[in-house]
Amino acid sequence: MSDRAPGEPLALGVDHSAATGGARSSVGPRLYIVLTRVPRRSQLAVGSLGTVTLERGWYGYIGSAARAREARVARHLALEKPLRWHADYLFTAFPAERAWLVDGADGECELAGALAALPGAERRPRRFGAGDCRCAGHLVRFTRRPLRRDLAAAAHAAGAPPSGAVRAFGSRPAAS
Ligand SMILES: [Zn+2]
């Protein structure tokens, strides 16, 4: 099952020999989750999506980057950038607070669906970030701040191993 466009190659061309010395060998899509908080109900113009209403809450954006994932996540966390993706509009208006890297899940669409299945979560606005697929969207709203164990449970539901699949990114070292 794939949300990729017909004919688009999957990960068949991965060059495992390039991973010499790497502590991590990537299995499956290299995903990430970036979290922000919308403190009050807001209207936001989001490029091709038009103007959307964001209810108050926490929002997790799910993305993937076949290469240079950490640079991609750092870009989401940056305060100023060209507005290219839907996520750029969101994180310019509501700066991203933190992020996690996720390995082993089936894909960003599956991970978004599993996150939206958590209690109090839903995919909103519909189709956000889903320009290259047909799913309900890659932005998930939470009524309360999601914890790493919530994210790990969702990643596991989306095919990742039960532990070690979700790692904190950026501002502080991984919790022991
Ligand atoms: Zn999708």
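A residue is buried if 20 or more other C-beta atoms lie within 10 Å of its own, exposed if 12 or fewer, and partly exposed in between, with C-beta atoms placed from the backbone. Helices (H or I, at least four residues) and strands (E, at least two) are DSSP runs, numbered from the N terminus. This is a predicted model, in which local features need pLDDT of at least 70 and side-chain atom pairs count only at pLDDT 80 or more, while totals for chains, interfaces and linings use all residues. Residues are numbered from 1 along each chain as its sequence is written.

Q: What makes helix 3 mostly covered?
A: Nine of its nine residues are buried. The buried residues include Glu-108 and Glu-110 as well as Leu-111 and Leu-115. They pack against strand 1, strand 4, strand 5, strand 6, strand 7 and helix 4. Over the whole protein, buried residues make up 36% of the 176 residues.

Q: Why is Ala-68 called exposed?
A: Ala-68 has 11 other C-beta atoms within 10 Å, and the limit for exposed is 12 or fewer, so the term applies. Ala-68 lies in the loop between strand 4 and helix 1, and has a positive phi of about 50° although it is not a glycine.

Q: Why is Arg-127 called partly exposed?
A: Arg-127 has 19 other C-beta atoms within 10 Å; buried needs 20 or more and exposed 12 or fewer, so Arg-127 falls in between. Its phi is near 70°, a positive value in a residue other than glycine. Most residues other than glycine have a negative phi, and most peptide bonds are trans.

Q: Which peptide bond is cis, and what is its omega?
A: The bond joining Arg-124 and Pro-125 is cis, with omega about -15°. Pro-125 is in the loop between strand 6 and strand 7, which also holds Arg-127.

Q: What makes strand 6 and strand 7 a pair?
A: Two strands pair if DSSP finds at least two bridges between them. Three bridges join strand 6 to strand 7 (residues 139-142), so the two strands pair, and they run antiparallel. Arg-123 stands opposite Val-140 in strand 7.

Q: How do you know which strands are the edge strands of the sheet?
A: Six strands form an open sheet in the order 6-7-4-1-5-8, with antiparallel pairing. Strand 6 (121-123) and strand 8 (166-169) are the edge strands, as each pairs on one side only.

Q: What makes a set of residues a nonpolar core?
A: The set consists of buried Ala, Val, Leu, Ile, Met, Phe, Trp, Tyr and Cys residues joined through C-beta atoms within 7 Å. The largest one here has 39 residues; Tyr-32, Ile-33 and Val-102 are among those with the most contacts inside it. Helix 3 gives the largest share of this core, six residues.

How values were computed
Contact = placed C-beta atoms within 7 Å.
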